[in-house]
Every structure is written in structure tokens, then in C-alpha cells.
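Dear colleague,

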Amino acid sequence: MDSEKILRTALRIVGTGSMLAVGAVVMPGSWMAAFHQKLGLGLFPDSAIVDYLARQLSAFYVVFGGLFVMLAYDVRGYARLISYVGWATIGLGVVFTFVDISDGLPFWWVVAEGPGAVGFGVMVLALQRKISRDSASFTT
């Protein structure tokens with residue numbers, strides 16, 4: 001599989017997965033509280049700000065997931081934006097790792113979220129760089 005196809009596929013998979021957060025935007029608060037407990041995170045705080053943050057962050061995931069899916073349609077045309085997305089995802093992954101650790105989230109959560117985002121960002125940049133290099137060598 002060539003780099004362009006891998007990048008398109010990765011953006012579509014991560015984008016589609018992120019858009020599944022739409023469920024958390026509209027789900028009843030009691031369901032959110034139940035999931036919170038099933039994940040071993042204790043009681044879900046009954047607070048307007050917690051509900052607001054959970055739903056707003058989920059909506060943000062939906063929007064960015066849609067962006068990733070749209071970028072996948074033209075990885076050459078959107079190369080600069082995809083590179084930005086790669087760097088931004090690395091930065092978010094670092095922030096997520098520190099926040100997750102300082103908030104005392106479970107180890108599996110810390111490893112999956114922060115380093116997972118960093119890994120995805122690095123992969124995006126590496127694939128984008130290879131596509132750019134291949135394009136440059138093809139035109140010369």
C-alpha cells in the first residue's frame with residue numbers, strides 16, 4: 001500500500017472514530033454517568049460545568065473527525081493543512097498525557113490517549129513527508 005493510500009485510510013479511520021462522539025453530545029446524563037462508572041472513574045459529578053465540558057468536547061471531536069475525513073479526499077491538495085493537523089495532534093497528545101496523569105486517570109487511559117495521539121501525529125507527518133518527497137522526485 002502506498003503512503004498516500006495509508007494516509008487517506010488513517011485519516012478516515014481516526015476521523016470516523018472521532019465522529020462517533022456524537023453519541024455523547026446527545027446521550028442522557030444518566031447514561032454518561034453509567035459509562036463513567038463502568039470505566040472505573042468513580043461517580044460522575046452532577047454539575048452543569050461537567051456536563052457542559054463533556055458535551056462540548058464531544059462536539060469538538062465530531063467536528064475535527066469530520067475535518068480529518070474531508071482532508072482524506074485530497075491529501076496532496078491539503079498537504080499544508082494535514083501537516084498542521086499532524087503537529088497539532090502531537091501537541092495535543094503531549095498535553096493530554098500531562099493532564100491525564102495529573103488528573104489521576106487510569107494507566108490504560110493515559111497510554112491510549114496521549115501517546116496514541118502523538119503516534120498518530122508522527123505517522124501523519126511521516127506519511128505526508130514521504131508523499132511530498134515522492135511528488136518532488138516524480139516531477140524532476
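Predicted model: local features only at pLDDT ≥ 70, side-chain atom pairs only at ≥ 80, totals over all residues.

Residues are numbered from 1 along each chain as its sequence is written, and side-chain values use heavy atoms, with hydrogens and water left out.

Salt bridges

Asp51 forms a salt bridge with Arg55, with 3.0 Å between the closest N and O atoms; the term denotes a side-chain nitrogen of Lys or Arg within 4 Å of a carboxyl oxygen of Asp or Glu. The two residues are four apart in helix 4, which means that about one helical turn separates them. Helices are DSSP runs of H or I with at least four residues, numbered from the N terminus. Arg55 counts as buried, at 18% relative accessibility.

A search of the whole structure finds four salt bridges. One of them joins the side chains of Arg76 and Glu4 at 2.8 Å, N to O. Because Arg76 lies in the loop between helix 4 and helix 5 and Glu4 in helix 1 (residues 3-19), this pair ties together parts that are 72 residues apart in sequence. Arg76 is partly exposed, at 42% relative accessibility. Glu4, Arg8 and Arg76 are linked in a network of salt bridges.

Lys130 forms a salt bridge with Asp134, the closest N and O atoms being 3.2 Å apart. These residues are four apart in helix 6 (residues 107-139), so about one helical turn lies between them. Lys130 is partly exposed at 37% relative accessibility, and Asp134 is partly exposed with a relative accessible area of 36%.

The 24 residues of helix 4 should span 34 Å, and its end C-alpha atoms are 34 Å apart, which agrees; the expected span is 1.5 Å times one less than the number of residues. Among the buried residues of helix 4 are Ser58, Gly65, Gly66 and Phe68. Val63, found in helix 4 (residues 48-71), is exposed, with a relative accessible area of 56%. Together with Leu57, Phe60 and Phe64, Val63 forms a nonpolar surface patch with about 420 Å² of accessible area. Patches are made of residues with over 30% relative accessible area and no salt bridge, like charges being joined within 9 Å and nonpolar side chains (Val, Leu, Ile, Met, Phe, Trp, Tyr) within 5 Å; accessible areas come from the Shrake-Rupley method with a 1.4 Å probe, and for residues only the protein chains shown count as cover.

Helix 5 (residues 79-102) has 24 residues and reaches 35 Å from its first C-alpha to its last, close to the expected 34 Å. Its buried residues include Ala79, Ile82, Val85 and Gly86. Helix 5 is followed by Gly104, which has a positive phi near 70°.

Largest pocket

The largest pocket is lined by 43 residues, of which Leu57, Ser58, Tyr61, Trp109 and Glu113 lie nearest its centre. Helix 4 gives the largest share of this lining, 11 residues. A pocket is an open set of points on a 1 Å grid over the protein atoms alone where a 1.4 Å probe fits, with protein on both sides within 12 Å along at least five of seven lines; lining residues have an atom within 4 Å of a point.

Yours sincerely

Notes: Buried < 20%, exposed > 50% of the residue type's maximum accessible area, 1.4 Å probe, protein only.
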